[in-house]
Structure formats: C-alpha cells, structure tokens
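Here's a quick look at some side-chain packing.

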Amino acid sequence: YIPFPLSSGGNLMRESGSGVGEMSPVTIGSLHFKKDHPEYFDKTRDTGLGGGFSQSLAYTETRAYARSIILEIVQNYDVDGIVIEWNARPWDGRASLAGYSDKAVKEFTEKYWISPYTIDNADERWMDFRAQYNTIFMRELRQDLSKLNRKVELTSMNWTPPKPFLLDWKTWINERLVDRIVVMYTFRILNDRVPSSFHVYKYMYEAKKLIDGKCQFVPGLVT
C-alpha cells in the first residue's frame, strides 16, 4: 500500500513521511506543481496563506494533479492499494482551520450570501461545504481506479468524528468510495493529556458505529 498525504482541509501536502522513514511519492512532484501554480494555494482562517505548504482540492486542477500521481503509481507498480492519509492540522480544537481558499470562500458566499469569515469556523454549513471538495476528490479517484484492469483498494486514514476534519464518511461509505477506514486516535490532537484505555475504547466505539459495518474498520493509535 502506498501512502498519499492530504491535509484535513483537502490540500496537497508539501512533505510527509511514509511511516517507514521514506519520503512520500507525492513530495517531489508536488513541490514543482506548487511553484508553478501559486494561484491554487489554500488559506487558513487566521493566517491567510498556509505557509506555502498546501494547495486546495477545491480547484479542479489540484485534484487532477493529485490523481495523476496516484494513477502513475498504480499503473507502473504492483501495489494492492492506496492509503489517503488526511493530516489533521491546522486545528483549533473544534474544527479544521484549513479550507479557506479563494474559490471555496467565493462559492460559499455566493450560496449562503454570507462570508465564512463572519461565522464560526465550526459552523455546520461551512464544515459541510469544505468537506464536499474532499468528497469530490474521493469520487473522482474511485472512478479513475475503477477503470483499471485490476482491483486497487482505496483506504482513508483519518480521525473521528469526521465532520470537524472535513471528511464525509457517510457519503464515502454509501457510494462505496472507500474499501476501509483506518481511524486514528492521537492524544495531542484530542487534548487527552492522560492516556486512558476507556477514552480510546469510547472513541473507537463511536467510530465503529458511524461506519456501521459498511466498509472495513481498522483502529489505529498515534503516540
């Protein structure tokens, strides 16, 4: 399985480890894409441009580029599947602070006649709106993989509850966009300073209820 890093705001990440001390396959290529297309940069609510580290999946061009890298890998290497690793940062303790690209802000304002900068970052409408771009990417990627002459599994690795991280599990599962969901528990992100087996159990139990047996469920732990 090949890991592919994305931020919770639906962005192409600049750098990431594969979990085995190697650079992600996306790293080198994405740096060139970012340099050539600064107009696709994402923004965060508080800091504007996200330090030049990510580009928004709200843009058709960014999604197409990300998918092209994945397809190049699966078409040239004998891999069983792709793991989309959603990064939880930036995070304010309630919802992702990412996803404020010019395109997303413009389209949200046109739909609701209100700027997302004037409402709460964790507003349900704004979380759902940002999450839709990640779902579009997953839908397009699944369509690409389905055209191959072999089965390539698609796994999502992320945190729960999914909505604050701008991930729409319900749609992904109902549309069979993912084969499995790896649910990560991390003490730092969840502000759980005292590791507790009860907290971990409750967290995973709630995640399992959301998935409801409709795709494979794999619990994970980040220390």
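## A charge over a ring

The charged end of R125 sits over the ring of Y112, 5.6 Å from the ring centre. To count, NZ of Lys or CZ of Arg has to be within 6 Å of the ring centre and within 35 degrees of the ring normal.

This is a predicted model, where local features need pLDDT of at least 70, side-chain atom pairs count only at pLDDT 80 or more, and totals for chains, interfaces and linings use all residues. Residues are numbered from 1 along each chain as its sequence is written, and side-chain values use heavy atoms, with hydrogens and water left out.

## The aromatic cluster

Y112 also belongs to one aromatic cluster, along with Y100, F108, Y117, W126, F129 and Y133. Searching the whole structure turns up 10 aromatic pairs (rings of Phe, Tyr and Trp, the last by its six-membered ring, with centres within 6.5 Å; planes under 30 degrees apart are stacked, over 60 edge-to-face, the rest tilted). F129 and Y133 make an edge-to-face pair, 5.8 Å centre to centre with 85° between the planes.

Both of these residues lie in helix α4 (residues 124–146), four residues apart, or about one turn of the helix. Helices here are DSSP runs of H or I, at least four residues long, numbered from the N terminus. F129 is buried at 7% relative accessible area, and Y133 is buried at 6% (buried is under 20%, exposed over 50%, partly exposed in between, with a 1.4 Å probe and protein chains only).

## Around I211

I211 lies in helix α6 (residues 197–211) and is buried, at 1% relative accessibility. Beyond its neighbours within four places in sequence, I211 is in contact (heavy atoms within 4.5 Å) with W169, I173, I181, V183 and F217.

Conventions:
Helix = DSSP H or I, 4+ residues; strand = E, 2+ residues; numbered from the N terminus.
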